[in-house]
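Here is a guided walk through one protein model. Keep the sequence and the 3D view side by side as you read.

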Amino acid sequence: MEKRMPVVVIRQIGETDTILRALQEYGIHCEEITFRTPCAEEALAYACKDYPQMLIGAGTIINGDQCRRALAAGAKFIVSPGFSEEAAAVCREQNVAYYPGCVTPTEIMKALEWGITTVKFFPAEVYGGLKGMKALSAPFPQVRFIPTGGVNAENMKEYLAFEKTAAVGGSFLVDEALKQAAVSADSPARGKERPFAPTAGKGKE
Ligand code: 3PG
């Protein structure tokens, strides 16, 4: 898994190329496409087919049905805002990484019972941020976190400096990538740069 996990919300299918190209140019080749908009399933299928070099997962998965549909669309991993036993079971059955949202000791213990040691810490800034993650790390040294929710370009570095942070997640990464894409589109040097040649996704974390 890369250290930055953009939370991608596709509201219209036509946005998919713009966002994924911007992320690639920004140096990000891994993202969760959220399963929360009417075109999410279609966007996921399109993205997985047309961007095989990227590691694309499905986010906002809240039950087994969504999980099956996301995997059928080509998702390489599954992220949930909380813990869905149904999604965990589908992922286990299909041997796919599952990152449930866990912010309490009880939720983390449940994840561990399912053999899951990397969890999404969501919404990070509401549940104590880095301080909360550090406190949870004392009894759960085997757990790694993906803080998401309130993470931004400023606090990202502090999160990433913590050894138990597997990656940081957030919509801000999409915003940053789009901002950079807009700047380079305006740049007079445009057209001189070499074509982008991304490396293939690495599979599971
Ligand atoms: C999500 O939509 O999954 C999270 O709310 C992302 O939070 P952010 O917009 O604060 O990054």
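Which exposed residues does the face of α3 turned away from its buried side carry? They are Asp65 and Ala72. Keep in mind that this is a predicted model.

Now turn to the buried side. Gln66, Cys67, Ala70 and Leu71 of α3 are buried. Look down the axis of α3: these buried residues fall within an arc of 130 degrees, so they line one face of the helix. An α-helix has 3.6 residues a turn, so residues three or four places apart point the same way.

What covers the buried residues of α3? The cover includes α2 (40–50), β3 (55–59), β4 (77–79) and α4.

Take α4 from that list. Helix α3 spans residues 64–72, and helix α4 spans residues 85–94. The two pack at an angle of about 35 degrees. Their axes are 7 Å apart. The crossing of α3 past α4 is right-handed. On the α3 side, Gly64, Cys67, Arg68 and Leu71 make the contact.

Follow the chain just past α3. There Gly74 takes a positive phi of about 115 degrees.

Last, find the ligand. Around the ligand sit Val7, Thr148, Gly149, Gly150, Val151, Gly170, Ser171 and Phe172. How does this shell divide into nonpolar, polar and charged residues? The shell has 3 nonpolar, 5 polar and no charged residues.

Notes. Residues numbered from 1 in each chain as written. Predicted model: local features only at pLDDT ≥ 70, side-chain atom pairs only at ≥ 80, totals over all residues. Near = placed C-beta within 6 Å. Nonpolar A, V, L, I, M, F, W, Y, C, P; charged D, E, K, R; others polar. Axes fitted to C-alpha atoms, helices over the stretch in contact; angles between N-to-C directions. Helix = DSSP H or I, 4+ residues; strand = E, 2+ residues; numbered from the N terminus. Left-handed = near helix turned anticlockwise from the far one by under 90°. Contact = placed C-beta atoms within 7 Å. Buried ≥ 20, exposed ≤ 12 C-beta atoms within 10 Å, placed from the backbone. Arc of directions from axis to C-beta.
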